[in-house]
Amino acid sequence: MKHFLEWARPGSPELELANRLDPERIPRHIAVIMDGNGRWAQKRFLPRAAGHRAGVEAVRASIEGCRRLGVEALTLYAFSVENWKRPKDEVNTLWGLLRRYLRQELDSLISNGVQLRVIGRIDELPLDVQDELDDAIAKTAGNHGLILNVALNYGGRSEIVDAVNAAIASAKASAGEVRLDEDAFEKYLYTAGLPDPDLLIRTSGEVRVSNFLLWQIAYTEIWVTQKFWPDFREIDLLEAILDFQGRERRFGGLSQRGSDEPALVGVADASRPAVQPDFPE
Ligand code: FPP
């Protein structure tokens, strides 16, 4: 948090918002569905690849913002198991951008204490991408700052299936019965050891989870902005966290405020806050 206050320009809207945050309640883990690169490009009569290229600047801003605010982990949904259905050229552009990003940013990730991790079926990625990732993961493994977790060839359902298969394999190897509970199952997920996301941000206005971290977001607060991903900056991250800090997280328990008070649904730019029905969560 201190680093963010030092970074923000005096009098800037970023500093004004940052000063309204409760430093004791910064989300430990933020997950992001980066959406709207294509529409950003289309609006400017540019090819979709231009939207992905512009999206890299938003990746930088969100990493830097999270790092300066003291967020422990940031998980970015960069490529889903479904994204292979896109035209080959677009898929290749995405891998090219990731490789270029790693090459250009590795030194700054290292010097800023960022630890790179990946989740997904990584062994199905192009070999040159796997090599580049392995190198960056190894070189940042000793860092103790922000954990940057990039979801690549990731699907929430495939993650659960992979976890079940890993649990079966370990049961066979130990030649005994393995009884799973939620804590034991969690250790087989790609995100083993990470806290569940406190906050899920999605850009470009769609209100769905798109097969992202299905197990882990059971009690995550969701915040949606109408902005397309390439326009996402530190100010949007601050808005999302401020909204998050205004929520009351009940985790299935009872309200501390009084049962009649409605919780807000976090869709930025909505003209009126929606009232959440009182489901037995
Ligand atoms: C969604 O927009 C975006 C993606 C599928 C890819 C995100 C990738 C990057 C921002 C670049 C590289 C990433 C890293 C981590 C360096 P969309 O194409 O689905 O947009 P649309 O819904 O408007 O078509």
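Ligand first. I found 19 residues around the ligand, and Asn-37, Gly-38, Arg-39, Gly-55 and Tyr-101 come nearest; near means a C-beta atom, placed from the backbone, within 6 Å of the molecule. Helix 3 (37-43), helix 4 (48-69), strand 2 (73-80) and helix 5 each give two or more residues to that shell. Helices (H or I, at least four residues) and strands (E, at least two) are DSSP runs, numbered from the N terminus.

A note on the source: this is a predicted model, where local features need pLDDT of at least 70, side-chain atom pairs count only at pLDDT 80 or more, and totals for chains, interfaces and linings use all residues. Residues are numbered from 1 along each chain as its sequence is written.

Next, helix 6 (residues 127-140). I asked which of its residues are buried, and got Glu-132, Leu-133, Ala-136 and Thr-140. They sit on the same side of helix 6 because they cover an arc of only 100° around the axis, taken from the directions from the helix axis to the C-beta atoms. Buried is 20 or more other C-beta atoms within 10 Å of a residue's own, exposed is 12 or fewer, partly exposed is in between, with C-beta atoms placed from the backbone. Leu-127, Asp-131, Asp-134 and Ala-138 are exposed, on the face turned away from the buried side.

Last, Asp-183, which I found in helix 8 (residues 182-186). Asp-183 counts as exposed because it has 7 C-beta neighbours inside 10 Å. Its C-alpha atom is 32 Å from that of Asn-112, 71 residues apart along the chain.
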